[in-house]
Amino acid sequence: MTQFDRNGSCCCCSTAVEPNRRGFTGSLIAWLLGVVALIPGIGSGLAAMLSPLASKSRGGLRVRLTSLDNLPADGTPRKFPVVAEKINAWTTSREPVGAVYLRKTGDHQVEALHVVCPHAGCSVEYKPAEGGRKAQFFCPCHLANFSLSGKRLDAVSPSPRDMDSLEVEIAENGDVWVVFQNFQLGIASKTPMA
Ligand code: FES
């Protein structure tokens, strides 16, 4: 079970929700949801609208996944779970909503790729270099291969598009933030889930 320290960071991977989603805002939203939940027909709708999980469909969920120091300098990718805060009428809980590969591509540069294969939604795996073959990503379901930057490597790939990249922000203190969102499967264009 994932545990969090006093700062709201995951003990094993430093995953945390955006600070402004905690504290005062979280309490205010929880209070508001508690009040409106008492109004028949309105409570559940507003709860869904204000929930951070629901906000994924409107531009993604901004989360801190780690710091630059935790990423290998040689560009080897590391996988990080994404944990979101879910607010019900009276309680707040944290739930895993996905995972992301992060890879350092420069002193102050990081690439982020969604772990879900764009073909049919399996989890893409990292395959280290072996016997002259470069390190790459690999989807075990229908054998799609991707480069470390997420490009399709097969002449005819089962995947209709490259792996889905995610927006990365690096804070002055070296924290790595990602805007996490899911995309539609099985189509050539990278289209956010509605
Ligand atoms: S789900 Fe990945 S190749 Fe089919």
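Trainee: In which strand is the place of K104?

Mentor: This is a predicted model, in which local features need pLDDT of at least 70 and side-chain atom pairs count only at pLDDT 80 or more, while totals for chains, interfaces and linings use all residues. Residues are numbered from 1 along each chain as its sequence is written, and side-chain values use heavy atoms, with hydrogens and water left out. Strands are DSSP runs of E of at least two residues, numbered from the N terminus, and K104 lies in strand β4.

Trainee: Is K104 buried or exposed?

Mentor: Buried means under 20% relative accessible area, exposed over 50%, and partly exposed in between, with a 1.4 Å probe and protein chains only. K104 counts as buried because its relative accessibility is 16%.

Trainee: Which backbone oxygen does the side chain of K104 reach?

Mentor: That of L68, at 3.5 Å.

Trainee: Which side chain is joined to that of Q136 by a polar contact?

Mentor: A polar contact is a pair of N or O atoms within 3.5 Å; within protein, one must be able to donate a hydrogen and the other to accept it, and residues adjacent in sequence count only if both atoms are side-chain atoms. For Q136, the partner is N145, at 2.6 Å. Q136 is in strand β7 and, at 8% relative accessibility, is buried.

Trainee: Which residues touch the most other members of the largest nonpolar core?

Mentor: A nonpolar core is a set of buried Ala, Val, Leu, Ile, Met, Phe, Trp, Tyr and Cys residues joined through side-chain atoms within 4.5 Å. Here the largest has 18 residues, and L65, V82, V100, L102 and L166 touch the most other members.

Terms used
Helix = DSSP H or I, 4+ residues; strand = E, 2+ residues; numbered from the N terminus.
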